[in-house]
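User: I would like to learn how to read a few features of a structure. Can we work through one together?

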Amino acid sequence: MTETLFKKIIDRKIPADIVYEDDDCLAFRDIHPQAPVHILVVPKKPLPKLVDATDADSTLLGHLLLVAGNIARQEGHEDAFRLVINNGADAGQSVFHLHCHILAGRPFGWPPG
Ligand code: AMP
């Protein structure tokens, strides 16, 4: 399988502005931020898309959400932030290594675009 961009960031083959790391995930600032705070939380396990996760990944998926909330709090935005997971190209996914976007620091409309 071809190594994804995010796997290269996890392996430190390309640089990123890393804000958090543990045994199971890495979080770094998005290179094209869509909000004043835009951070990606990426599991070290290279699942291409959310739908590729199985029951065996339930702890990992829960961990990603907990980490995202902790990072939003660390960034001073615990009262208002948005989490986004794009699943599939037609939903806006461009990097096929599961990741959760944390967006904060501006108002967000609903429904989303
Ligand atoms: P998605 O479109 O949901 O797959 O999100 C991929 C995200 O990765 C986009 O928001 C990109 O701006 C971001 N991105 C692409 N390359 C890099 C990079 N080298 N470092 C940080 N973020 C990146």
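This is a predicted model: local features need pLDDT of at least 70, side-chain atom pairs count only at pLDDT 80 or more; totals for chains, interfaces and linings use all residues.

User: How far is the sulfur of C100 from the closest cysteine sulfur?

Analyst: A disulfide needs two cysteine sulfur atoms within 2.5 Å. The closest cysteine sulfur to that of C100 is in C25, 10 Å away, which is too far for a bond. Searching the whole structure gives zero disulfides. C25 is likewise in no disulfide.

User: Is C25 buried or exposed?

Analyst: Buried means under 20% relative accessible area. C25 has 0%, so it counts as buried.

User: How do I check the length of helix α2?

Analyst: Compare the expected span with the distance between the end C-alpha atoms. Helix α2 covers residues 58-74, which is 17 residues. At 1.5 Å a residue it should span 24 Å, and its end C-alpha atoms are 24 Å apart, so the two agree. After α2 comes G76, with a positive phi near 85°.

User: Which residues of α2 are buried, and what covers them?

Analyst: List the buried positions, then look for their cover. In α2 they are L60, L64, V67, A68, G69, I71 and A72. Their cover includes strands β1 (18-21), β2 (25-29), β3 (37-43), β4 (81-84) and β5 (100-104).

User: Which residues come nearest to the ligand?

Analyst: Of 16 residues around the ligand, the nearest are D30, N86, G92, S94 and H101. Next, look for polar atom pairs. A polar backbone atom of S94 is 2.7 Å from a ligand oxygen atom. A polar side-chain atom of H101 lies 2.8 Å from an oxygen atom of the ligand. The ligand exposes 500 Å² taken alone, and the protein buries 85% of that.

Technical notes. Residues are numbered from 1 along each chain as its sequence is written. Side-chain values use heavy atoms; hydrogens and water are left out. Helices (H or I, at least four residues) and strands (E, at least two) are DSSP runs, numbered from the N terminus. The expected span of a helix is 1.5 Å times one less than its number of residues. Buried means under 20% relative accessible area, exposed over 50%, partly exposed in between (1.4 Å probe, protein chains only). Contact means heavy atoms within 4.5 Å. A residue is near a molecule or strand if one of its heavy atoms lies within 4 Å of it. A polar contact is a pair of N or O atoms within 3.5 Å; within protein, one must be able to donate a hydrogen and the other to accept it, and residues adjacent in sequence count only if both atoms are side-chain atoms. Accessible areas come from the Shrake-Rupley method with a 1.4 Å probe; for residues, only the protein chains shown count as cover.
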